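Subject: Handing over the structure

Hi,

Here is the structure I promised to pass on. Have a look at it first, and then read on for what turned up.

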Amino acid sequence: MEFPVQTANPAKVETACLVVPVFKDGDLLPAATKLDNASERLIGQLIERGDFDARLGNVQLIPFAPGLNADRLMLVGLGARETCQEGAFRKAIDAAFTALASLPADDAAVAFNDVPVPDRACDWKARMVAEAAHRAVYRFNDFKSEPAPVPSLERVTLLVSEGGDADAAREGGRIGDGIGQGINATRTLGNLPGNVCTPSYLAERAEQMAADSEGALTTEILDEQALEELGAHSLLSVGRGSAEPSRLIVMKYQGADDPDEAPHVLVGKGITFDSGGISLKPGDGMDEMKFDMCGAASVFGAVTSVLAIRPKVNLVAIVASAENMPDGRATKPGDIIKTLKGLSVEVLNTDAEGRLVLCDALTYAERFEPASVVDIATLTGAAIIALGHHATGLMSNDDDLALDLLDAGETAWDRAWHMPLWDEYQEQLDSNFADLANIGGRPAGTITAGCFLSRFTDKYPWAHLDIAGTAWHSGKQKGATGRPVSLLTQYLLDRASDSQVEVGED
């Protein structure tokens with residue numbers, strides 16, 4: 001998708017659809033005022049007569065507007081001016097692009113630059129527009145004999161008022177375009193069924209990304225023999241009951257001016273299907289366990305965004321991938337396994353398998369002497385009980401790193417919530433027979449899962465993102481969301497040595 005920037009009177013812009021936001025009180029923004037003046041007060045009259053209710057997210061399409069060069073005019077409600085914060089802005093643009101995606105239009109022009117969002121500059125607004133466009137046109141038709149219609153929208157012009165910062169809008173659009181690509185790449189991987197998206201498939205996907213990157217990305221794949229020789233017995237234990245071989249996937253991007261600069265490491269849980277193993281899950285909703293690799297999918301998505309944006313940062317992406325199935329070779333409750341770090345783990349529940357693949361991946365990350373390590377996983381149902389489907393759970397052994405991720409989430413509007421990782425919780429993992437157990441009981445299940453991972457992260461600053469509540473939607477709208485690609489990419493942009501790729505504030 002293209003996101004050109006244009007500084008012009010919106011009434012003169014030629015486009016299939018011109019999108020203009022409107023406040024509920026009828027106080028028109030500069031772009032809307034120019035359109036109103038050029039169209040015989042069309043917008044003002046619609047509001048005054050009550051023909052358009054500018055409540056937040058309400059959309060009205062006007063097939064023809066006199067005095068305008070656009071084929072169509074679309075009004076989008078912003079609600080009350082005093083409530084126009086980041087969330088309201090996002091809701092308005094999402095509504096606009098959902099409506100645009102249903103039109104037979106391959107281009108549109110949007111006038112969201114002059115919407116006043118406190119502490120958010122032109123580049124942030126342009127980025128949000130570009131991300132919303134990508135999310136709205138996404139369709140997953142890979143397995144349908146009669147695919148749903150694909151939106152024709154290919155070009156979105158970002159209109160900037162005279163005196164506005166066109167360069168900032170252009171940079172924000174570029175970043176939003178890259179992040180949007182990563183979000184949709186993550187959604188596609190998450191939506192693929194488990195009989196297609198296997199650990200081997202993910203490995204092949206990483207190799208293809210490297211081949212397509214013109215040298216910007218390198219990939220190393222550790223198969224089961226290599227993992228056995230390495231001593232990654234915990235990762236291997238999860239896939240013992242599956243016919244699909246496990247993989248550890250390593251992708252490297254070197255964008256910093258100094259190739260020896262310490263990299264930032266992303267680690268993704270890649271359980272391509274989670275039956276629960278011997279501790280078998282109930283059948284209701286088990287089909288959604290193909291989404292148990294959404295942590296890995298978000299790492300792939302973040303790499304996709306980085307390759308599109310090319311920030312000056314060094315990145316290592318690690319995906320620990322296995323399929324958790326029950327058979328005669330599967331790990332059993334009560335089994336004791338040895339991790340790559342050398343710690344022994346008593347497996348009390350084979351459905352707590354994500355931490356068993358992640359702990360070896362986190363130990364493997366030590367060899368890169370990282371500046372930071374962030375793991376991403378659909379780890380615990382308890383995270384949904386604690387935070388619902390709005391916030392990602394965040395735990396960390398480093399307060400500065402936690403704050404950096406929280407700030408990135410606020411900027412990206414892909415928010416996380418900091419949860420405690422106190423020593424008092426660690427004793428719930430005590431085992432009579434091994435160094436630690438893989439579960440700590442029902443109380444504070446999300447936190448004790450983080451405590452388990454923390455035992456393997458003493459060599460570097462580390463944070464854990466539990467995305468069980470944010471990685472996918474259930475029910476009628478079932479599908480991967482692409483979260484937290486935006487948060488992760490913003491975190492990496494903030495670490496970049498080149499400040500020009502950062503999305504700033506006023």
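Are Phe291 and Trp472 buried or exposed? Both are buried, where buried means under 20% relative accessible area, exposed means over 50% and partly exposed is in between (1.4 Å probe, protein chains only). I'll come back to that pair below.

Some ground rules before the rest. This is a predicted model, in which local features need pLDDT of at least 70 and side-chain atom pairs count only at pLDDT 80 or more, while totals for chains, interfaces and linings use all residues. Residues are numbered from 1 along each chain as its sequence is written, and side-chain values use heavy atoms, with hydrogens and water left out.

**The annotated binding site**

The unreviewed UniProt entry has a "binding site" annotation that covers Lys269, Asp274, Asp292 and Glu353. These residues span 85 residues in sequence, yet no two of their C-alpha atoms are more than 11.5 Å apart, so they gather at one spot. Lys269, Asp274, Asp292 and Glu353 are also included in the lining of the second largest pocket. (UniProt positions are in the numbering used here, feature names are shortened, and annotations may be inferred rather than shown by experiment.)

As for what counts as a pocket: the search runs on a 1 Å grid over the protein atoms alone, and a pocket is an open set of points with protein on both sides within 12 Å along at least five of seven lines. A cavity would be a set of points where a 1.4 Å probe fits but cannot get out, and lining residues have an atom within 4 Å of a point.

Lys269 is in strand S9, residues 264-274, and counts as buried at 2% relative accessibility. Glu353 sits in the loop between strand S12 (344-346) and helix H10 (354-364), and is buried as well, with a relative accessible area of 2%. (Helices, H or I with at least four residues, and strands, E with at least two, are DSSP runs numbered from the N terminus.)

What joins the side chains of Lys269 and Glu353? A polar contact of 3.4 Å does. That term stands for a pair of N or O atoms within 3.5 Å; within protein, one must be able to donate a hydrogen and the other to accept it, and residues adjacent in sequence count only if both atoms are side-chain atoms. Leaving aside neighbours within four places in sequence, Glu353 is in contact (heavy atoms within 4.5 Å) with Val238, Lys269, Ile271, Asp274, Asp292 and Asn324.

**The annotated active site**

The "active site" annotation, again from the unreviewed UniProt entry, covers Lys281 and Arg355. The lining of the second largest pocket includes Lys281 and Arg355. Arg355 lies in helix H10 and is buried, with a relative accessible area of 7%. With neighbours within four places in sequence left aside, the contacts of Arg355 include Thr380, Asn438, Ala449 and Phe452.

Ala449 and Phe452 are among the buried residues of H13. Helix H13 (residues 445-454) is mostly covered, with 10 of its 10 residues buried.

**Aromatic rings**

The structure holds seven aromatic pairs. Rings of Phe, Tyr and Trp (its six-membered ring) pair if their centres lie within 6.5 Å; planes under 30 degrees apart count as stacked, over 60 as edge-to-face and the rest as tilted.

One of the pairs is Phe89 with Phe112, edge-to-face at 5.8 Å centre to centre and 85° between the planes. Phe89 lies in helix H3 (residues 86-100) and Phe112 in the loop between strand S5 (107-110) and helix H4 (122-137), so this pair ties together parts that are 23 residues apart in sequence.

Now back to Phe291 and Trp472, which are stacked at 5.2 Å centre to centre with 20° between the planes. Phe291 is in the loop between S9 and helix H9 (294-309) and Trp472 in strand S18 (residues 472-473), so the pair ties together parts that are 181 residues apart in sequence.

**One more loop**

Asp414 is in the loop between helix H12 (399-412) and strand S15 (416-418), and is buried, with a relative accessible area of 4%. The side chain of Asp414 reaches the backbone nitrogen of Leu487 at 3.2 Å.

Cheers
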